[in-house]
Amino acid sequence: MAMSRSSLLLALVLAACSKQAQETPATLASEGTPAPKVAAAAEPSAAAPGVARHEEQSTELYEFEYGYPAAVGAIPKLKAELDADLAKQKADLIVSAKEQQADSKKQGFPYNPLGNWTAWKVVTDLPGWLSLSADLSDYSGGAHPNHGFSSLVWDRKADRRREPIDLFTSKEALSRAIRQNFCAALNKQRAEKRGEPVKAGSTDEFDQCIDPVASTVILGSSNRSSFDRIGILVGPYEAGPYVEGDYEVTLPITDAVLAAVKPEFRWAFAVKR
């Protein structure tokens with residue numbers, strides 16, 4: 001489907017504000033296609049094929065876009081949740097747009113259409129789990145759009161949504177297990193974007209490491225049977241100025257990370273050797 005005028009404008013704005021184009025790490029991005037079913041500790045019954053959904057609308061009042069893949073459509077409860085989220089996001093956007101349009105007219109200012117864009121995609125599709133991430137963008141009339149992420153894992157055995165962090169004993173335990181490797185990987189990416197390494201002892205806000213679990217955690221797989229890597233999606237302003245765009249760090253599941261997983265979920269993880 002052709003990109004609408006406002007969506008194209010959003011893409012151009014984000015591209016212009018970034019010194020370097022962002023790409024999802026190959027270790028996680030390669031998993032957009034659901035894998036063949038393989039044996040697992042809690043193998044679910046075969047799911048019926050699903051249907052993807054993509055809704056897009058552009059008016060003088062607002063720009064709205066929301067989509068999810070067929071893997072979501074194959075899970076009735078998850079489909080219902082995201083359909084409800086779509087309806088709420090759109091309704092909230094229309095209310096805000098009408099209010100801002102009326103205020104702009106009252107103040108004698110030109111009105112710029114507001115925008116809300118959500119794109120869910122598969123991180124990995126396992127026998128017991130469906131892991132998803134979402135790119136979120138919105139424009140509320142400022143200098144540029146805002147951008148961020150969301151994530152979830154669908155527990156096929158329990159037939160319910162879980163947040164990735166819910167599979168761990170605590171945020172603090174996961175942070176301790178990955179912080180050292182995360183900080184090293186983050187500074188390596190910072191150096192690549194900035195053309196120079198982060199200065200030791202710098203007090204600059206954007207030279208400091210951040211708490212990885214304060215950003216969006218996603219769970220991935222290279223073996224298509226268990227979670228063996230973890231991703232951290234970091235939005236603008238979290239680890240660098242807006243011009244640096246997103247940061248995406250992928251780390252292997254180590255013994256330390258596995259120790260931070262709740263005992264009842266450890267069967268779903270594997271240490272990446």
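**Terms and their grounds**

Modeller: To begin, this is a predicted model. In it, Thr 169 is partly exposed, with a relative accessible area of 44%.

Colleague: Why is Thr 169 called partly exposed?

Modeller: Its relative accessible area is 44%. Buried means under 20% and exposed means over 50%, so Thr 169, at 44%, counts as partly exposed.

Colleague: Where is Thr 169 placed?

Modeller: Thr 169 sits in the loop between β6 (160-162) and α5.

Colleague: Which residues does Thr 169 contact, leaving aside neighbours within four places in sequence?

Modeller: They are Ala 260, Val 261 and Lys 262. Contact here means heavy atoms within 4.5 Å. For Lys 262, 93 residues apart from Thr 169 along the chain, the C-alpha atoms of the two are separated by 5.1 Å.

Colleague: How many cavities of 30 Å³ or more does the structure hold, and what is the volume of the largest cavity?

Modeller: There is one cavity of 30 Å³ or more, and the largest cavity has a volume of about 30 Å³.

Colleague: What lines the largest cavity?

Modeller: The lining consists of Ala 177, Ile 178, Asn 181, Leu 251, Pro 252, Thr 254 and Val 257. Two or more residues come from each of α5 (171-194) and β9 (247-252). Of the elements, α5 gives the most, with three residues.

Colleague: What makes residues of that lining nonpolar or polar?

Modeller: Ala, Val, Leu, Ile and Pro count as nonpolar, so Ala 177, Ile 178, Leu 251, Pro 252 and Val 257 fall in that class. Asn 181 and Thr 254 therefore count as polar. By class, the lining has five nonpolar, two polar and no charged residues.

Notes: Residues numbered from 1 in each chain as written. Predicted model: local features only at pLDDT ≥ 70, side-chain atom pairs only at ≥ 80, totals over all residues. Heavy atoms only, no water. 1 Å grid on protein atoms, 1.4 Å probe; cavity = no way out; pocket = protein on both sides within 12 Å on 5 of 7 lines; lining within 4 Å. Points joined across faces, edges and corners; volume = space filled by probe spheres on them. Helix = DSSP H or I, 4+ residues; strand = E, 2+ residues; numbered from the N terminus. Buried < 20%, exposed > 50% of the residue type's maximum accessible area, 1.4 Å probe, protein only.
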